[in-house]
Amino acid sequence: MTKRMSTPLTGLLALGMAGCATVAAPPSKAPNEGSASYRMLDDSHMEHYQLAIGDIATGATPFQRILPVYPPSQLAACAPMQEVDAQVIVDETGKVSDVRGVLAENGSAMPPWSPFLAAVRTAVLQWRFNPLRINHWAADADGNTHEVDSTTKPFSLMYAFRFECHAGKATVTSAPTKG
């Protein structure tokens, strides 16, 4: 009968061989992520409803907004910041009926179906607004005011949507401001 002896050297050799069998992969680079934000633009250059004496306009305020998603097809390129100006057209019920891209400040037009404008359209077509209501008030012979009639009207607002690509985790902000 032969007796086998285990030596510390044999154990270390086995442990060393096992350690060589597993190679840790280098940490992978975090994928690019994008974020989007928006702000209301100055619309003083646009035509506005002219209110008669005794008319009061209310509403035209958003109550449901969906933030655009950075186009996944553009993440690998991680382009510099992109800004899309869009006119949001709202019908008399408060539903967005159209979203139109507008010329950039430098006068160049974005391609009509660029991925960024498409992302804006997809999100903004889901927005909802309180309808724009115009109430007409009048005074009776005693000077008491009362509402004579009211109507809802379509309207449009201008927004700038900013898309930014980040290596690592993105932050998404939304802070509309009148400007």
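**Notes on the model**

A: Starting with R121: its relative accessibility is 19%, so it counts as buried, the cut-off being under 20%. Keep in mind that this is a predicted model.

Q: Which helix is R121 in?
A: R121 belongs to helix α2, which covers residues 115-124.

Q: And what does the R121 side chain make a polar contact with?
A: With the side chain of D98, at 3.2 Å.

Q: Switching to strands. Is β4 mostly covered or mostly open?
A: Mostly covered. Strand β4 spans residues 82-90, and seven of its nine residues are buried.

Q: How many bridges join β4 to β9?
A: Nine, and the two strands run antiparallel. Strand β9 takes in residues 155-167. One of the pairings puts I89 with S156 in β9 as its bridge partner.

Q: What about β4 and β5, in which sense do they pair?
A: Also antiparallel, over five bridges, with β5 made up of residues 96-101.

Q: New topic, aromatics. How many aromatic pairs does the structure hold?
A: Eleven. One of them is Y38 with F161, a tilted pair with 5.9 Å centre to centre and 40 degrees between the planes.

Q: Where do Y38 and F161 lie?
A: Y38 is in strand β1 (residues 32-40) and F161 is in strand β9, so this pair ties together parts that are 123 residues apart in sequence.

Q: Buried or exposed, those two?
A: Y38 and F161 are both buried. For F161 the relative accessibility is 0%.

Q: Why is the pair of Y159 and F161 tilted?
A: Their ring centres are 6.1 Å apart and the planes are at 40 degrees, so the pair is tilted; planes under 30 degrees apart would count as stacked and over 60 as edge-to-face.

Q: What is the relative accessible area of Y159?
A: It is 0%, so Y159 is buried.

Methods
Residues numbered from 1 in each chain as written. Predicted model: local features only at pLDDT ≥ 70, side-chain atom pairs only at ≥ 80, totals over all residues. Heavy atoms only, no water. Helix = DSSP H or I, 4+ residues; strand = E, 2+ residues; numbered from the N terminus. Buried < 20%, exposed > 50% of the residue type's maximum accessible area, 1.4 Å probe, protein only. Polar contact = N/O pair within 3.5 Å; in protein donor to acceptor, adjacent residues only side chain to side chain. Pairing = 2+ DSSP bridges. Phe/Tyr/Trp six-rings, centres within 6.5 Å; stacked < 30°, edge-to-face > 60°.
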